[in-house]
Amino acid sequence: MKFEFYLSDLVFKILFLDQAHGLKTTVLSYSHYLPRQELLPEKRVLLAPLLATVVGSDVLESQLRRLQPDLHLFGHTHIPIDLTLEGLRYLQWPLGYAREALRQCAPIHKSGPLKVFDSDLGDSAGGIPSHLPTLDVDWTIYYSKPNARDPNNTTDLADWLKVRLETLVKTKAEVEKNAK
Ligand SMILES: [Fe+2]
């Protein structure tokens, strides 16, 4: 299956007209899918490692590079993160499913909806608050460190993931035993 996304040329024309007239335009862009694989934690720390097979879109990313938004918001993985990669800022702040509210989406349920644009901040800030709660979540902090991602390490599972997997294996064995 092939997914392709097309931004309207009208968006670009409006932006280029604004620039030609010296106007500062704050651009927020949105997509359901992730433009880049780096926006997903590595497989060795995920309960669902196959998620990586449905993450990243060269088409979407190339459109963003052309658009140069001040902020790109995305969804799909239900993992809160806020990263700046090659000069573009990407963030996700998902409510998630009910069962995720106590897990990876807990920060969202604690601090509430995200205000990413506020016209009261004035032109100098571009309407974007300087500090968003997205910067305080674990994956943002972890992947903001230089060389945090290690593509060569595909086997060193996170400690919490080992515990979770062991629990799942035990539960499965229990269910199978009771079914006999
Ligand atoms: Fe999705």
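A crossover counts as right-handed if, with the strands pointing away from the viewer, the path from the first strand over the helix to the second runs clockwise. In this predicted model, a right-handed β-α-β unit is made by strand 1, helix 2 (residues 58-67) and strand 2. The two strands of that unit, strand 1 and strand 2 (residues 71-74), run parallel and are joined by four bridges. Within this pairing, Tyr-30 has Leu-73 of strand 2 as its bridge partner.

The sheet to which these strands belong is open and has four strands in the order 1-2-4-3, with mixed pairing. Strand 1 (28-31) and strand 3 (81-85) each have a single partner strand and stand at the edges, so one side of each lacks a neighbour in the sheet. From one strand to the next, the twist averages 20 degrees. Strands of a sheet pair through backbone hydrogen bonds, and the pairing is either parallel or antiparallel.

Next comes the core. The largest nonpolar core contains 14 residues, and those with the most contacts inside it are Leu-34, Leu-39, Ile-81, Tyr-90, Leu-91 and Trp-139. At least two residues of this core come from strand 2, and at least two from strand 4 (88-92).

Which residues does Trp-139 touch, not counting those up to four places away in sequence? With that exclusion, Trp-139 touches Pro-41, Ile-79, Pro-80 and Ile-81. Of these, Ile-81 is also listed among the core residues with the most contacts.

Definitions and conventions: Residues numbered from 1 in each chain as written. Predicted model: local features only at pLDDT ≥ 70, side-chain atom pairs only at ≥ 80, totals over all residues. Pairing = 2+ DSSP bridges. Axes fitted to C-alpha atoms, helices over the stretch in contact; angles between N-to-C directions. Core = buried A, V, L, I, M, F, W, Y, C linked by C-beta atoms within 7 Å. Buried ≥ 20, exposed ≤ 12 C-beta atoms within 10 Å, placed from the backbone. Contact = placed C-beta atoms within 7 Å.
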